[in-house]
Amino acid sequence: MSTSNLKLYSNWISTCSFRVRIGLNLKGLSYDYIPINLVKGEQFSDEFTKLNPIGYLPVLVDGEFVVSDSFAILMYLEEKYPQHSLLPNDPQKRAINYQAASILSSSMQPFQNMGTLKYIHEKIGPDETHNWVKYHLERGFTALEKLLKNYAGRYATGDEAYLADLFLAPQIYAALKNFNLGLAEFPLLLRLHEAYSDHPAFQDAMPEKQPDSPPSITTAT
């Protein structure tokens, strides 16, 4: 099966892009990486907003088809490229994967994205941004720790990596690396973080391994 038409508009530090990179790796799909510089505002350029009018990453181009939003992209990949399913067969575990992914994508990540933090910084003050992120991430992690307690194996819902893991790994990484949050109170999530560190598909998707990662970050790893 040829996948040479796949293009991913991504950014090294974007957690939403991170999710999709993991999914592509798990499915063994090759793709062209097209970096979008968020600091320079390239996501708001006329060229990019033709692909995604709201100006968010990531965007996947598959031949003539364009789809944005990490959840939508991963579901598209799951249906078109069924190898290495991102969802378990058991309907209850599938539901837990959807629930965990929804918590991470709608109740956590939006509160830490660049636009939100810029607004908090400007309207309230720089000292409040860390407290804002800490509150929302810890609230979400508390829920996830409880949700996954009875389902986790090596990974979030068993011994295979599924959709929930694709959303969890980038968020745990961001909490630890980008926001310097201590997660000792979430032992299950930290254990999952260790499992992701040993999985090639997750490791190859790491921010510091992307072509647009700053040289100092790449060198340090």
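In which hand does H1 cross H7? In this predicted model, H1 passes H7 in a right-handed crossing.

**Helices H1 and H7**

Helix H1 covers residues 15–26, and helix H7 covers residues 163–178. The angle of packing between H1 and H7 is about 135°, and the axes lie 8 Å apart. The two helices are therefore oblique to each other. On the side of H1, the residues that meet H7 are Thr15, Phe18, Arg19, Ile22, Gly23 and Leu26. Their counterparts in H7 are Leu166, Phe167, Ala169, Pro170, Tyr173 and Ala174. Sorted by class, this contact of H1 with H7 holds nine nonpolar residues, two polar residues and one charged residue.

**Helices H7 and H8**

H7 also packs with helix H8, which spans residues 187–197. The angle here is about 105°, so H7 and H8 are roughly perpendicular to each other. From H7, the contact takes in Asp165, Leu168, Ala169, Ile172 and Leu176. From H8, Leu189, Leu190, Leu192, His193 and Tyr196 take part. Eight residues of the contact of H7 with H8 are nonpolar, one is polar and one is charged. The two helix pairs are set out below.

| Helix pair | Packing angle | Axis separation |
|---|---|---|
| H1 and H7 | about 135° | 8 Å |
| H7 and H8 | about 105° | 10 Å |

**The sheet**

Four strands form an open sheet with mixed pairing, in the order E2-E1-E3-E4. Strand E2 (32–35) and strand E4 (65–68) each have a single partner strand and stand at the edges, so one side of each is left without a neighbour in the sheet. On average, neighbouring strands of the sheet are turned by 20° against each other, direction ignored.

Strand E1 (residues 6–10) pairs with strand E3 (residues 59–62) in the antiparallel sense, over four bridges. Within this pairing, Leu6 stands opposite Asp62, and Tyr9 stands opposite Val59. E3 and E4 likewise run antiparallel and are joined by four bridges. Val61 has Val66 in E4 as its bridge partner. The hairpin of E3 and E4 has two residues between the strands, and Gly63 takes a positive phi near 65° in that hairpin.

In a regular strand, side chains alternate between the two faces of the sheet. In E3, Val59 and Val61 point one way, whereas Leu60 and Asp62 point the other way. All of these residues of E3 are buried.

Helix H3 (residues 70–80) lies across E3 and E4 and runs at about 135° to E4.

Between E2 and helix H2 (46–49) lies a loop that contains Leu38. Is Leu38 buried or exposed? Leu38 counts as buried because its relative accessibility is 16%, under the 20% cut-off. The C-alpha atoms of Leu38 and Ser10 are separated by 9.7 Å, although these residues are 28 residues apart along the chain.

Key. Residues numbered from 1 in each chain as written. Predicted model: local features only at pLDDT ≥ 70, side-chain atom pairs only at ≥ 80, totals over all residues. Heavy atoms only, no water. Axes fitted to C-alpha atoms, helices over the stretch in contact; angles between N-to-C directions. Parallel < 35°, antiparallel > 145°, perpendicular 65-115°, else oblique. Left-handed = near helix turned anticlockwise from the far one by under 90°. Contact = heavy atoms within 4.5 Å. Nonpolar A, V, L, I, M, F, W, Y, C, P; charged D, E, K, R; others polar. Pairing = 2+ DSSP bridges. Buried < 20%, exposed > 50% of the residue type's maximum accessible area, 1.4 Å probe, protein only.
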